[in-house]
Amino acid sequence: MPAAFFVVRATVADPAKRQAFDAWYSREHLPDAMKSFGAVKAWRYWSATDPALHHAMYQFPDKAALERAIEGSEMKRLVADFNRDWPDVTRTREVLVLAEELMA
């Protein structure tokens, strides 16, 4: 089964809040989400073309494992925690399934 990825895109519109958001995501949210989801790997990115955009990506062994993670009670808790701490930060979520991987 191909790997699956859960991608969260957040817009931190207020430049004055980006440093605090970055620290919170790094120290609290990313480790908590990775453990709660049972993700294999996680990455975070700030967009180089739009400094307000933050992406987090969580890797799962397959789509079934990802679906179990995002449909469970831990997802509801993580969303509630995020909304409590960052009510002005909007988010979108996407599920991706690996179609192909090339390595040099």
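In what follows, Ala, Val, Leu, Ile, Met, Phe, Trp, Tyr, Cys and Pro count as nonpolar, Asp, Glu, Lys and Arg as charged, and the others, Gly among them, as polar. The structure described here is a predicted model.

**The cavity**

The structure holds one cavity of 30 Å³ or more, and about 110 Å³ of space lies in the largest cavity. Of the 13 residues that line this largest cavity, those closest to its centre are Val8, His29, Met75, Leu78 and Val79. The lining divides into 10 nonpolar residues, one polar residue and two charged residues. At least two lining residues are supplied by each of the elements in the table below.

| Element | Residues |
|---|---|
| β1 | 4–11 |
| α1 | 18–37 |
| α3 | 73–85 |
| β4 | 90–97 |

**His29**

His29, which lies in helix α1, counts as buried because its relative accessibility is 8%, and buried means under 20%. Leaving aside residues up to four places away in sequence, His29 touches Trp24, Tyr58, Leu78 and Phe82.

**The sheet**

Four strands, in the order β2-β3-β1-β4, form an open sheet with antiparallel pairing. Because β2 (41–46) and β4 stand at the edges with a single partner strand each, one side of each is left without a neighbour in the sheet. On average, neighbouring strands of this sheet are turned by 15° against each other, direction ignored. Strand β1 pairs with β3 (residues 53–60) over eight bridges in the antiparallel sense, and Thr11 stands opposite Leu53 in β3. Helix α3 lies across β1 and β4, and runs at about 150° to β4.

How values were computed: Residues numbered from 1 in each chain as written. Predicted model: local features only at pLDDT ≥ 70, side-chain atom pairs only at ≥ 80, totals over all residues. Heavy atoms only, no water. Buried < 20%, exposed > 50% of the residue type's maximum accessible area, 1.4 Å probe, protein only. Contact = heavy atoms within 4.5 Å. 1 Å grid on protein atoms, 1.4 Å probe; cavity = no way out; pocket = protein on both sides within 12 Å on 5 of 7 lines; lining within 4 Å. Points joined across faces, edges and corners; volume = space filled by probe spheres on them. Pairing = 2+ DSSP bridges. Axes fitted to C-alpha atoms, helices over the stretch in contact; angles between N-to-C directions.
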